Amino acid sequence: MEGILYATDLGNYYLGDSQKILTSYLSDSLKGKVQLILTSPPFPLNNKKSYGNLNGDDYKEWFISFAEIFSPLLKEDGSIVIELGNAWEPKRPVQSLLHLESLLGFVNNPKANLRLCQEFICYNPSRLPSPAQWVTIERIRVVDSFTHIWWMSKSDCPKSDNRRILRPYSKEMKNLLKSKKYNPGKRPSEHDIGQTSFFKDNNGSIAHNVIELEPIIEKKELRLPKNVISIANTNSNDFFLRKCRERNIKPHPARMPLELATFFIEFLTDPGDLVLDPFAGSNTTGYCAQYLGRKWLSIEIHKKYAEQAIFRFEDPSIEGDFYVYRK
Ligand SMILES: C[S@@+](CC[C@H](N)C(=O)[O-])C[C@H]1O[C@@H](n2cnc3c(N)ncnc32)[C@H](O)[C@@H]1O
């Protein structure tokens, strides 16, 4: 049965097929209203995940068709952020080009008028070694440990502000700001560093387009933007997993990291803006949007994932009332 499964003072979670819902009863009411579409669609997989992904050309065609569904929903300065993992050829130690062709087809869809603002890489060393046959059994490939994130928009300058996602300064930079000592002059990269270029304290350094969920260099401290929720550092995520364990429910197998969702919501929206996730799963996007005071709308086709998404809002650290419509 389709329709709203639960709602909060800021958002609604719909059960149903996003393709159908966004081209029928929500298409008019959402037109030109969405500031950010933040989503991680089913990845192109060769072995079927429990939520049933399409394969090959069927996947590509399905994926690309969403560009023309999403584009009219966006505000003129709105953004689309899509996270997609790598795909592999069936039974071969060879990477598929399907995810790249799908992303290229999406941004180039002639009915959508989109452009790529920037590509990000999300490095997640905690991902299980895969593809297992080539990585752990035959040992001829290394662990596939990142996802692609494409930030797209309808205009060259969508709303964005990197001052909202500043990373804490490194120890070295903090010392430099204190001591006011460093070597100015030409670097081997040809950059000419001025006498006072590094003296201004900007409250943090500018984020990079590689989002590290654990430090790439072990000895280096992880410097996620200050206001980004971190799985390692908050109890909020534990709350969701604890609830799943208590109720003997298997958590969604492909949850988006909270860090990733909060990073893009902070970077590309203001409080009160509307964030849409058409492939919502356990509703990481809606949860983070609620946490950050943004409106949200999420859609999920599978009831079992939709139902577990409700627990997130039982988290006492989340502000706002929530209402379950159907169980
Ligand atoms: C990669 S998961 C998203 C996980 C989510 N970001 C989270 O943090 O839990 C993709 C989700 O899209 C859902 N899905 C697949 N096709 C869909 C469709 N046509 N409409 C709505 N949801 C769909 C799947 O059931 C799956 O839960």
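Select Leu-15 first: this residue stands opposite Glu-300 in S11. Leu-15 lies in a pairing of strand S2 (residues 11–15) with strand S11 (residues 295–300), parallel in sense and spanning 5 bridges. Strands pair if DSSP finds at least two bridges between them; strands (E, at least two residues) and helices (H or I, at least four) are DSSP runs, numbered from the N terminus.

The model is predicted, with local features needing pLDDT of at least 70 and side-chain atom pairs counting only at pLDDT 80 or more, while totals for chains, interfaces and linings use all residues. Residues are numbered from 1 along each chain as its sequence is written.

Next, display the 10 strands of the open, mixed sheet, in the order S9-S5-S6-S4-S3-S10-S11-S2-S1-S12. Strand S9 (210–212) and strand S12 (322–324) stand at the edges with a single partner strand each, so one side of each has no neighbour in the sheet.

Then select helix H8 (residues 258–268) and helix H9 (residues 284–291). They pack at about 50°, with axes 9 Å apart; axes are lines fitted to C-alpha atoms over the stretch in contact, and angles run from 0 to 180 degrees between N-to-C directions.

Finally, select Ile-265, which touches Leu-36, Leu-38, Val-275, Cys-288, Ala-289, Leu-292 and Arg-294, not counting residues up to four places away in sequence. Contact requires C-beta atoms, placed from the backbone, within 7 Å.

Technical notes
Contact = placed C-beta atoms within 7 Å.
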